[in-house]
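Please walk me through this structure in the viewer. Tell me what to select at each step and what is there.

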Amino acid sequence: MIRATCTIAVLACLASQTFAQGNAAAPEGWVFQLESAYLSQGDSDLSSGSAFSAERGYLRLGAFNRRADGLSVGLSATLGQTDYDFDTAAPWGRIRENSLSLTFAGRNRNGMNWFVAPTLRERAETGAGSDDGVTAGAFAGVSWSLNDRLTIGPAIGAFEGVGSEDVDVFPALLLDWQISDRFSLTTGPTLGASQGPGLSLRYALDDDWGVTLSARRESNRFALSDRGATPGGAGEDTSVPVVVSLNYKPRPSMNFAVFAGAEFDGQLEVENAAGTTVRKESYDTVPLLGIAVSLAF
């Protein structure tokens, strides 16, 4: 089955967009990046009458090198997990969300930015087999700087699926639009609100402070534990998170954020080892709170 959706792992694709767009202005040599975030999802009622909450955290370390010929090469590793807490009949518990990605990026003379990012990722519940939930794929995209305020272009990713899913294909839009001196509109990872692509509208209060409104469609699919209620199966959590964040950037290499918002149109689904859906239910709108930090050195 092929699904056109933006999954959690497309973060590497859109992080690569930023890397490619800044390639021409970046200094030659190595740059290291450290990103971390924590997200708390409050209690939400399920359509079955039970309820659940979740906490998510991740840590990403990247190293990027821009060569004299303009080609840039990068390597990034992400360690993350989401802890689900169900009051009854838990379909899953802790989910591992890890990835390792290479990035090759550059810019040609006519203003086209490009990147290719082969990636290995793991999305699996604790207790799943060592190979369950491990998939390989790649992200690639191009964008053009139409002027000094607008960069736009297409991207696409393709990954092996989890469970009955054969191939996961997801398109993405690369957009960096400085609408005015204070307003900007971008696609890319929505800082802190887990790790998905989305659309973000930012208002700069001054040189250091800003307020950002972000929204996206998220789908997180993973392998279930061999010792759980559905051994060999797959789980999926989909929703539409919308958050407002307060960002503080005291220098170009530092960014801190606190955010609050809500998840809308939430749904949980469980498939057994044969690929048959055995549980599917929606959940109520739920509040989100979190913090995030990004450093470069």
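**Starting at Leu46**

Select Leu46 and show its surroundings: leaving aside residues up to four places away in sequence, Leu46 touches Ala51, Phe52, Phe86, Leu268, Arg279, Glu281, Ser282 and Tyr283. Keep in mind that this is a predicted model.

Now widen the selection to the largest nonpolar core, which has 13 residues. Those with the most contacts inside this core are Leu46, Phe52, Tyr84, Phe86, Trp92, Leu268 and Tyr283. Colour strands β3 (51-66), β4 (72-86) and β15 (254-271); each supplies at least two residues of the core. Another core, of nine residues, lies apart from this one, and Ala117, Phe139, Ala172 and Leu174 are among its members.

**Salt bridges**

The structure holds twelve salt bridges. Select Arg56 and Glu97, whose closest N and O atoms are 3.8 Å apart. Arg56 is buried at 8% relative accessible area, and Glu97 is buried at 1%.

Next, select Asp83 and Arg94, a salt bridge with its closest N and O atoms 2.5 Å apart. Asp83 belongs to strand β4 and Arg94 to strand β5, eleven residues apart. Asp83 is partly exposed, at 23%, and Arg94 is partly exposed, at 41%.

Then select Glu271 and Arg221, where the closest N and O atoms of the salt bridge are 2.9 Å apart. Glu271 sits in strand β15 and Arg221 in strand β13 (residues 218-223), so the pair ties together parts 50 residues apart in sequence.

Last, select Arg56, Glu97, Arg216 and Glu218 together: salt bridges that share partners join them into one network.

How values were computed. Residues numbered from 1 in each chain as written. Predicted model: local features only at pLDDT ≥ 70, side-chain atom pairs only at ≥ 80, totals over all residues. Heavy atoms only, no water. Core = buried A, V, L, I, M, F, W, Y, C linked by side-chain atoms within 4.5 Å. Buried < 20%, exposed > 50% of the residue type's maximum accessible area, 1.4 Å probe, protein only. Helix = DSSP H or I, 4+ residues; strand = E, 2+ residues; numbered from the N terminus. Contact = heavy atoms within 4.5 Å. Salt bridge = Lys/Arg side-chain N within 4 Å of Asp/Glu carboxyl O.
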